[in-house]
Amino acid sequence: MLILQERSFLWLTDLGQIHYIQSGKSGPWIFLFHESPLSSWEFKLTIPFLSNNARVVAFDTPGYGQSDAPQEKIDIPGYAKYLCQAVEYFNPDYFIIGAVH
């Protein structure tokens with residue numbers, strides 16, 4: 001039987017508070033990024049399957065879900081900066097990114 005055990009956390013970056021859901025205790029890191037204007041909740045059915053064999057983190061991008069809205073408009077390089085900060089927070093040796101748009 002598959003049980004979804006997810007926990008939500010917040011941390012501060014230069015963009016404000018970023019919300020994420022984390023599940024899984026071992027295996028490769030998988031970072032999930034949702035499409036706009038949705039949230040990490042988009043992955044609610046995917047996370048349980050992935051977290052059986054991986055450590056899964058699904059982020060709410062700035063201004064969506066429970067993450068703070070940016071003070072200024074974010075362009076593509078700004079989102080790339082956010083993506084890098086978000087992944088670096090976990091200090092993974094290697095990782096997989098899953099994203100939709």
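Please keep in mind that the model is predicted. Its chain has a mean pLDDT of 86, and 91% of the residues reach 70 or more. The largest pocket holds about 320 Å³ of space, and the largest nonpolar core brings together twelve residues.

**Confidence**

- Strand 3 has the highest confidence in the chain, at a mean of 96.
- At the other end, strand 1 (residues 7-13) has the lowest, with a mean of 70.
- Where pLDDT is low, predicted coordinates should not be read in detail.

**The largest pocket**

- Helix 2 provides the largest share of the lining, with five residues.
- By type, the lining residues are nine nonpolar, four polar and one charged.

**Nonpolar cores**

- The largest core is made up of W11, I18, Y20, W29, F31, F33, V57, F59, Y82, A86, V87 and F90.
- At least two residues of this core come from each of strand 2 (16-23), strand 3 (29-33), strand 4 (55-59) and helix 2.
- F31 belongs to the largest core, and beyond its neighbours within four places in sequence, F31 is in contact with V57, F59, V87, F90, P92, F95, I96, I97 and G98.

**Two residues in the loop between strand 3 and helix 1**

- E35 sits in the loop between strand 3 and helix 1 (47-50), and S39 has its place in the loop between strand 3 and helix 1 as well.
- E35 counts as partly exposed because its relative accessibility is 25%, which falls between the 20% and 50% limits.
- S39 is buried because its relative accessible area is 17%, under the 20% limit.
- Leaving aside neighbours within four places in sequence, E35 is in contact with E42, V100 and H101.
- With such neighbours within four places again left out, S39 is in contact with H34, D60 and G65.
- E35 and Y64 are 29 residues apart in sequence, with their C-alpha atoms 9.7 Å apart in space.

Conventions:
Residues numbered from 1 in each chain as written. Predicted model: local features only at pLDDT ≥ 70, side-chain atom pairs only at ≥ 80, totals over all residues. Heavy atoms only, no water. 1 Å grid on protein atoms, 1.4 Å probe; cavity = no way out; pocket = protein on both sides within 12 Å on 5 of 7 lines; lining within 4 Å. Points joined across faces, edges and corners; volume = space filled by probe spheres on them. Helix = DSSP H or I, 4+ residues; strand = E, 2+ residues; numbered from the N terminus. Nonpolar A, V, L, I, M, F, W, Y, C, P; charged D, E, K, R; others polar. Core = buried A, V, L, I, M, F, W, Y, C linked by side-chain atoms within 4.5 Å. Buried < 20%, exposed > 50% of the residue type's maximum accessible area, 1.4 Å probe, protein only. Contact = heavy atoms within 4.5 Å. pLDDT = per-residue confidence, 0-100.
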